[in-house]
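These are my notebook entries on a single chain model. I record what I looked up and what I found.

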Amino acid sequence: MFNGSGLPGPLYGGCAGKKEDAFTLRVKPGKTYMLRLINAALNDELFFAVANHTLTVVDVDVLYVKPFAVDSLLIAPGQTSNMFLTAKSSFPGARYYMLARPYAITRPGTFDNSTVAGVLEYEEHDLASPTSDKNRLPTFTPTLPQINDTTAVSNYTASSAFG
């Protein structure tokens, strides 16, 4: 999902759902990163969010928009979106899932409605006491809108950047 590898991450059932197969984005505390999200799905609009982080959308389909902050966003098939993610100011002692799942108002079960995941992980400043096993850190999960949440879609598209 996140790196073109086709690996859906640790929340996905079956043989592909192993933690070591998830894309991991490593960030430094206090830094701001630009993420470019590309929806390569053929038919599915996708909700996307990073647990306990706000995303500031600055570009949608190569058009600059008035920056606006969101907890989750919607991206259409073939669409790109650039956003800023500002890391927390100090090492939080946790990991954070980056999740994506479809938005659809069709009957459930007519497509793969899985939630795919990557991991946002912080680098530690204090090298004297590094966390020996980052997999033992708590991992937070974002709240994504429900698969058929038309209100969330309407609110997103009616934001100041599109109005």
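How many aromatic pairs does the structure hold? I found 4 aromatic pairs; rings of Phe, Tyr and Trp (its six-membered ring) pair if their centres lie within 6.5 Å, with planes under 30 degrees apart counted as stacked, over 60 as edge-to-face and the rest as tilted.

**Basis of the entries.** I am working from a predicted model, in which local features need pLDDT of at least 70 and side-chain atom pairs count only at pLDDT 80 or more, while totals for chains, interfaces and linings use all residues. Residues are numbered from 1 along each chain as its sequence is written, and side-chain values use heavy atoms, with hydrogens and water left out.

I looked up the rings of Tyr-96 and Tyr-122: their centres are 6.0 Å apart and their planes stand at 70°, so the pair is edge-to-face. This pair links distant parts of the chain, with Tyr-96 in strand β8 and Tyr-122 in strand β9 (residues 116-122), 26 residues apart. Strands are DSSP runs (E, at least two residues), numbered from the N terminus. I then noted that Tyr-96 and Phe-140 form a stacked pair, 5.8 Å centre to centre with 25° between the planes. Phe-140 lies in strand β10 (residues 139-140) and Tyr-96 in strand β8, so the pair ties together parts that are 44 residues apart in sequence. Tyr-96, Tyr-122 and Phe-140 form one aromatic cluster.

I checked burial next (buried is under 20% relative accessible area, exposed over 50%, partly exposed in between, with a 1.4 Å probe and protein chains only). Tyr-96 is buried at 3%, Tyr-122 is buried too, and Phe-140 is partly exposed at 36%.

**Sheet.** I traced an open sheet of 4 strands in the order β2-β7-β4-β5, with antiparallel pairing; two strands pair if DSSP finds at least two bridges between them. Strands β2 (32-38) and β5 (63-70) stand at the edges with a single partner strand each, so one side of each has no neighbour in the sheet. Strand β4 (residues 55-60) pairs with β5 over 5 bridges, and Leu-55 stands opposite Val-70 in β5.

**Core.** Which residues touch the most other members of the largest nonpolar core? Of its 38 residues, they are Phe-48, Leu-55, Val-57, Leu-73 and Leu-120. Such a core is a set of buried Ala, Val, Leu, Ile, Met, Phe, Trp, Tyr and Cys residues joined through side-chain atoms within 4.5 Å. Strand β8 (residues 95-103) gives the largest share, 6 residues. I listed the contacts of Val-57 (heavy atoms within 4.5 Å); beyond four places in sequence, they include Val-65, Phe-68, Leu-73, Met-83 and Tyr-156.

**Loop residues.** Is Asn-39 buried or exposed? Asn-39, in the loop between β2 and β3 (45-50), is buried at 1% relative accessible area. Its side chain reaches the backbone nitrogen of Ala-41 at 2.8 Å and the backbone oxygen of Asp-44 at 2.9 Å.

Asn-52, in the loop between β3 and β4, has a positive phi near 55° and is partly exposed at 47%. Asp-61, in the loop between β4 and β5, has a positive phi near 50° and is partly exposed at 38%.

Terms used:
A polar contact is a pair of N or O atoms within 3.5 Å; within protein, one must be able to donate a hydrogen and the other to accept it, and residues adjacent in sequence count only if both atoms are side-chain atoms.
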